[in-house]
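Me: Hi! Could you walk me through this one while I have it open on my screen?

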Amino acid sequence: MPARAKPPTATARQEERRRRILRAGTRLACRGGFEAVQMREVAESSQVALGTLYRYFPSKVHLLVAIMQDQLERMHGTLRKKPPSGAGPAERVAQTLMGAFRALQGEPQLAEAMVRALTFADRSVSREVDQVSRLTTAIILDAMDRPEPTPGQLSAVRVIEHTWHSALIAWLSGRASIAQVQADVETACRLIGQVD
């Protein structure tokens, strides 16, 4: 008699449900940006009750920031498997951030939704926003190959993060070209070589 497969644990079921919600939110954002992500439609698409959805994500902003976190986690995993090949830390960080930017370019509606949510996030989303910031920092530090950064390097990383975020907003709103985004990111990345 074949052995019965063990039923998934509550935690495994919850994680699978959370993944379905994130996928549904991502699909809706890809189709129509921030406005297209309606919580009732996310619930229907992910086959969860609306009340369950709100237990996982209290608002659309919470959901979209979680989607951004998920995107960054995947990017971080990819970068760990295939690190950037630039000559020095500044070049590797610029290469990494522009790679992320090009990925966002492929899904501009999703990029707009995630960046808008991050920009609108209030204190109720601070834990999730902090996690997005920690992931971005980890990605930059990995690209720098600096597991133990100095305070000056951490300060440079924060400036690079802010520059990248503002460059994304400027590009999404049509105020900056891709070439301008790249120039701004590369300029900010040069700070790495100027601090100890």
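Reply: Happy to. This is a predicted model, where local features need pLDDT of at least 70, side-chain atom pairs count only at pLDDT 80 or more, and totals for chains, interfaces and linings use all residues. Residues are numbered from 1 along each chain as its sequence is written, and side-chain values use heavy atoms, with hydrogens and water left out.

Me: Thanks! How many helices and strands does the protein have?

Reply: Nine helices and zero strands. Helices are DSSP runs of H or I with at least four residues, strands are E runs of at least two, and both are numbered from the N terminus.

Me: And what box do the C-alpha atoms fill?

Reply: Roughly 60 × 45 × 30 Å, taken along the principal axes. Of the 196 residues, 41% are buried (buried is under 20% relative accessible area, exposed over 50%, partly exposed in between, with a 1.4 Å probe and protein chains only).

Me: Switching topic: at what angle do α5 and α6 pack?

Reply: About 110°, with the axes 5 Å apart; α5 covers residues 89-106 and α6 covers residues 108-120. Axes are lines fitted to C-alpha atoms, for helices over the stretch in contact, and angles run from 0 to 180 degrees between N-to-C directions. That makes the two helices roughly perpendicular (65 to 115 degrees; under 35 is roughly parallel, over 145 roughly antiparallel and the rest oblique).

Me: Which residues make the contact?

Reply: Leu104, Gln105 and Gly106 come from α5, while Pro108, Ala111 and Met114 come from α6. Contact here means heavy atoms within 4.5 Å.

Me: What about aromatics: how many pairs are there?

Reply: Three aromatic pairs. Rings of Phe, Tyr and Trp (its six-membered ring) pair if their centres lie within 6.5 Å; planes under 30 degrees apart are stacked, over 60 edge-to-face and the rest tilted. One of them is Phe34 with Phe120, edge-to-face at 5.6 Å centre to centre and 85° between the planes. Phe34 lies in α1 and Phe120 in α6, so this pair ties together parts 86 residues apart in sequence.

Me: Is Phe34 buried or exposed?

Reply: Phe34 is buried, at 8% relative accessible area, whereas Phe120 is partly exposed at 47%.
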